[in-house]
Amino acid sequence: MLLPYRAVKAFQQVLWVEPSFPRACEVHLRLGLMLKVHADFDAALKHLTLALIDATTPASFSKLEIKFHIAHLYEVQGKYRLAKEHYEALLKEKALPSHLKADICRQLGWMYHVVDCSVLGVTRQQKQAIAIHCLQKSIEAEPKSGQSLYLLGRCLAASGKVHDAFIAYRNSVEKSEGNADTWCSIGVLYQQQNQPMDALQAYICAVQLDKSHSAAWTNLGILYESVSQPKDALACYVNASR
């Protein structure tokens with residue numbers, strides 16, 4: 001905590017000593033991002049807004065990227081409707097680069113998946129359909145994104161589209177084979193399809209990639225318990241608790 005605090009103080013002192021600092025926009029941007037990470041949301045919004053409206057000094061992020069971080073700031077605060085409005089407004093921008101479109105669609109899609117439908121003003125059926133659509137658009141914009149493919153798999157699995165979910169997970173593994181979350185989700189899907197040996201292999205892949213992956217250890221323990229291997233199950237639960 002000490003280093004980020006010192007960095008924040010140093011940036012604040014730059015603006016205090018020289019309000020017309022030639023890289024003031026960059027300073028506001030960095031302050032906004034650091035304060036967002038440390039949950040000082042009001043101050044983060046203030047500095048990101050100042051970076052956005054600064055038209056005279058340069059910054060390492062474009063104005064559209066700053067708008068994205070403002071939208072994400074609303075999302076992490078739980079202001080989902082406001083975040084949705086900002087994400088959707090960004091998607092209407094004509095000069096939106098593909099990497100940023102991929103990020104926006106990924107955030108918007110996952111938000112539709114995890115946030116209660118009443119908060120976003122949609123039905124449960126609409127919620128899942130929009131989530132899948134947004135994640136597919138994210139993949140179209142950035143086909144090599146293993147993260148978007150993984151999240152698409154989660155949404156498809158939740159919608160009962162098992163075959164399509166497996167395809168998304170497989171593609172995710174091909175793009176980012178070191179992702180323990182993906183292997184854990186593959187294991188869950190196999191377990192739901194009553195394929196315990198396939199599930200076992202997937203969970204083992206997950207914990208080999210990330211020995212602290214508690215969900216994979218827990219699911220592996222449940223799997224061992226279901227086939228009457230209590231000692232193995234206990235070892236997995238102990239690892240999960242760590």
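Biologist: How many salt bridges does the structure hold?

Modeller: First, the ground rules. This is a predicted model, where local features need pLDDT of at least 70, side-chain atom pairs count only at pLDDT 80 or more, and totals for chains, interfaces and linings use all residues. Residues are numbered from 1 along each chain as its sequence is written, and side-chain values use heavy atoms, with hydrogens and water left out. Now the general idea: a salt bridge is a side-chain nitrogen of Lys or Arg within 4 Å of a carboxyl oxygen of Asp or Glu. The structure holds six of them.

Biologist: Which residue forms a salt bridge with lysine 84?

Modeller: Glutamate 88 does, and the closest N and O atoms are 3.6 Å apart. To place them you need helices. A helix here is a DSSP run of H or I with at least four residues, a strand is a run of E with at least two, and both are numbered from the N terminus. Lysine 84 and glutamate 88 are four residues apart in helix 5 (residues 80–91), so about one helical turn separates them.

Biologist: Is lysine 84 buried or exposed?

Modeller: Start with the cut-offs. Buried means under 20% relative accessible area, exposed means over 50%, and partly exposed lies in between (1.4 Å probe, protein chains only). Lysine 84 has 15%, so it is buried. Glutamate 88 has 30%, so it counts as partly exposed.

Biologist: Where do arginine 106 and aspartate 103 lie?

Modeller: Both lie in helix 6 (residues 98–114), three residues apart, about one turn of the helix. Elsewhere, salt bridges that share partners join Arg23, Glu26 and Arg30 into one network. Within that network, the side chains of glutamate 26 and arginine 23 meet at 3.7 Å, N to O. Glutamate 26 is buried at 13%, while arginine 23 is partly exposed at 37%.

Biologist: What does the charged end of arginine 30 sit over?

Modeller: The idea is a charge over a ring: NZ of Lys or CZ of Arg within 6 Å of the ring centre and within 35 degrees of the ring normal. Here the charged end of arginine 30 sits over the ring of phenylalanine 61, 5.4 Å from its centre.

Biologist: How many aromatic pairs does a search of the whole structure find?

Modeller: A pair of aromatic rings is described by the distance of the centres and the angle of the planes. Rings of Phe, Tyr and Trp (its six-membered ring) pair if their centres lie within 6.5 Å; planes under 30 degrees apart are stacked, over 60 edge-to-face, and the rest tilted. The search finds three pairs. In one of them, tyrosine 150 and tyrosine 169 have ring centres 6.3 Å apart and planes at 35 degrees, so the pair is tilted. Tyrosine 150 is in helix 9 (residues 146–158) and tyrosine 169 in helix 10 (residues 162–175), so the pair ties together parts 19 residues apart in sequence. Both tyrosines are buried. Phenylalanine 166 and tyrosine 190 also form a tilted pair, 4.7 Å centre to centre with 45 degrees between the planes. This pair links phenylalanine 166 in helix 10 to tyrosine 190 in helix 11 (residues 180–192), 24 residues apart. Tyrosine 190 is partly exposed at 22%.

Biologist: What joins the side chains of serine 148 and serine 138?

Modeller: A polar contact of 2.9 Å. The term means a pair of N or O atoms within 3.5 Å; within protein, one must be able to donate a hydrogen and the other to accept it, and residues adjacent in sequence count only if both atoms are side-chain atoms. Serine 148 is in helix 9 and is buried, with a relative accessible area of 0%.

Biologist: Where does asparagine 194 lie?

Modeller: In the loop between helix 11 and helix 12. Most residues other than glycine have a negative phi, and most peptide bonds are trans. Asparagine 194 has a positive phi of about 60 degrees, although it is not a glycine. At 67% relative accessibility, asparagine 194 is exposed. Alanine 39 also has a positive phi, near 65 degrees. Alanine 39 lies in the loop between helix 2 (24–37) and helix 3 (41–53), and is partly exposed at 47%.
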